[in-house]
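Let's take a friendly walk through a protein model. Keep the sequence and the structure in view as you read.

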Amino acid sequence: MYDFAIIGGGIVGLSTGMMLGKKYPHARILVLEKESQWAFHQTGNNSGVIHSGVYYKPGSFKAKFCRDGANSMVQFCQEHGIDYEVCGKVIVATKEAELPRLENLYQRGLDNGIPVKRISAEEVKEYEPHVSSVGGIFVKTTGIVNYKQVCCKYAETIQTQGGELRLNTKVLRIISTSDRQIIETNNGEFATKFVINCAGLFSDRIAKLAGVNPQAKIVPFRGEYYELIPEKRYLVKGLIYPVPNPAFPFLGVHFTRMIDGSVHAGPNAVLSLKREGYTKTDFDLRDFAEVMTYPGFWKLAAKHADEGIKEIIRSFSKAAFVRSLQQLIPEVTAADVIPTHAGVRAQALMENGALVDDFLIIHTENAVHVCNAPSPAATSSLEIGKAIVAEIPQPTSVRTVSV
Ligand SMILES: Cc1cc2nc3c(=O)[nH]c(=O)nc-3n(C[C@H](O)[C@H](O)[C@H](O)COP(=O)(O)OP(=O)(O)OC[C@H]3O[C@@H](n4cnc5c(N)ncnc54)[C@H](O)[C@@H]3O)c2cc1C
């Protein structure tokens, strides 16, 4: 019998496992992951940015966990010899009309306690010589890292603490009895006192298996990236972001220098026809039918039809994608970029058509369900893990140490 079973070996599940092991060194902890490696889905296909916390509504979990998480992520990388760089980023307005939104973002950064600096178009060029803008802000605490490497270190730590890790183990059913929960998988059954659901793109379905209705459905939004060819990497020194549309939780296509030196451009945001659909032709009937029959999706689509159509065009047309990039760096051409990986975001959507903006963590007597952990959850992972563990009742017969 395990004290805790965590479903999902992405960055949230592994961080939570590590924090549990720190707080309860004598507890029996199990992590179940259906893939053959850690961080195979959202965590392993993201932009690799350590966000500073500028964007998020003051007082939200995102704002707090991101600001604190950026610090703890840097500290974790230092302690464990993981490559990272706090390179800073520019967020730029490319038209006069974007300046009021840039100013709002600057104020929000200040409200969130982030060291943001207003910069003129000339000063933007000092940071990023190839960017064309009418002004920007510079955020010095933003960084880059490879979150797959971070996850491997979290997993290694869980193992050192005595936790058990099971790859290739897909959770199929959860049966609750008065004193335990039986998790049925393709790899046997596991009995546990407490379940922690960190299943990302499948978190709503796992919650339902455990008898919890999260009141929101995961809708998958694919983010496609291009990569600058090596001879053009000089065009980008660090991180270059546009001013985002505040109606969406996505940040707009941006240039990101990755920790391996490559430069990625993207991601866009298109509805994926499969929860783990990384290409345009990936299709799953159940996933697709669930979205199409969900009233929340049609309410969202009605509100944002224009943007949705633009995103689809940008997905199918390299020329349209490059035009978005040229708003930031006019000299980029179609010949300078090649398609690279894609990631699929798990975005919770409510039945009334509202996107769940903040992290959504549901606690029950014998389980925690992380039902919305979009960006910046990778940056915030250590703080999310700590917060989950702080709320979990101490298992009987297990001693605590402070985390
Ligand atoms: C394109 C993109 C760019 C992003 N950029 C950034 C960024 O730069 N910075 C940042 O902070 N955040 C970023 N994010 C967000 C961040 O990557 C995610 O918020 C974070 O990775 C979520 O982690 P997770 O552990 O919840 O989910 P995941 O990483 O998706 O992990 C969930 C795991 O659960 C497993 N699972 C699912 N069902 C089952 C089952 N039945 N049985 C067993 N296992 C199961 C899956 O296989 C998966 O490994 C980005 C996301 C995307 C998609």
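Which residues of helix 7 are buried? In this predicted model, they are Asp 287, Glu 290 and Val 291, within a helix that covers residues 285–292.

## The two sides of helix 7

Looking down the axis of helix 7, you find its buried residues within an arc of 95 degrees, so they line one face of the helix. On the face turned away from the buried side, Leu 285 and Arg 286 are exposed.

What covers the buried residues? The cover includes helix 6 (203–209) and helix 8 (295–303), along with strand 13 (216–228) and strand 17 (270–271). At the start of helix 7, Asp 284 has a side-chain oxygen within 3.1 Å of the backbone nitrogen of Arg 286.

## Rings that pair up

The structure holds 12 aromatic pairs. One of them joins Tyr 2 and Phe 190, a tilted pair with 6.4 Å from centre to centre and 55 degrees between the planes. Tyr 2 belongs to strand 1 and Phe 190 to strand 12, so this pair ties together parts 188 residues apart in sequence. Both Tyr 2 and Phe 190 are buried.

Phe 283 and Phe 288 also form a tilted pair, with ring centres 5.2 Å apart and planes at 55 degrees. Phe 283 is partly exposed, at 44% relative accessible area, and Phe 288 is partly exposed too, at 27%. Elsewhere, ring pairs link Phe 4, Tyr 24 and Phe 194 into a cluster.

## Charges over rings

Lys 217 has its charged end over the ring of Tyr 294, 5.5 Å from the ring's centre. The charged end of Lys 280 sits over the ring of Phe 316, 5.7 Å from its centre.

Terms used. Residues numbered from 1 in each chain as written. Predicted model: local features only at pLDDT ≥ 70, side-chain atom pairs only at ≥ 80, totals over all residues. Heavy atoms only, no water. Buried < 20%, exposed > 50% of the residue type's maximum accessible area, 1.4 Å probe, protein only. Helix = DSSP H or I, 4+ residues; strand = E, 2+ residues; numbered from the N terminus. Arc of directions from axis to C-beta. Contact = heavy atoms within 4.5 Å. Polar contact = N/O pair within 3.5 Å; in protein donor to acceptor, adjacent residues only side chain to side chain. Phe/Tyr/Trp six-rings, centres within 6.5 Å; stacked < 30°, edge-to-face > 60°. Lys NZ or Arg CZ within 6 Å of the ring centre and 35° of its normal.
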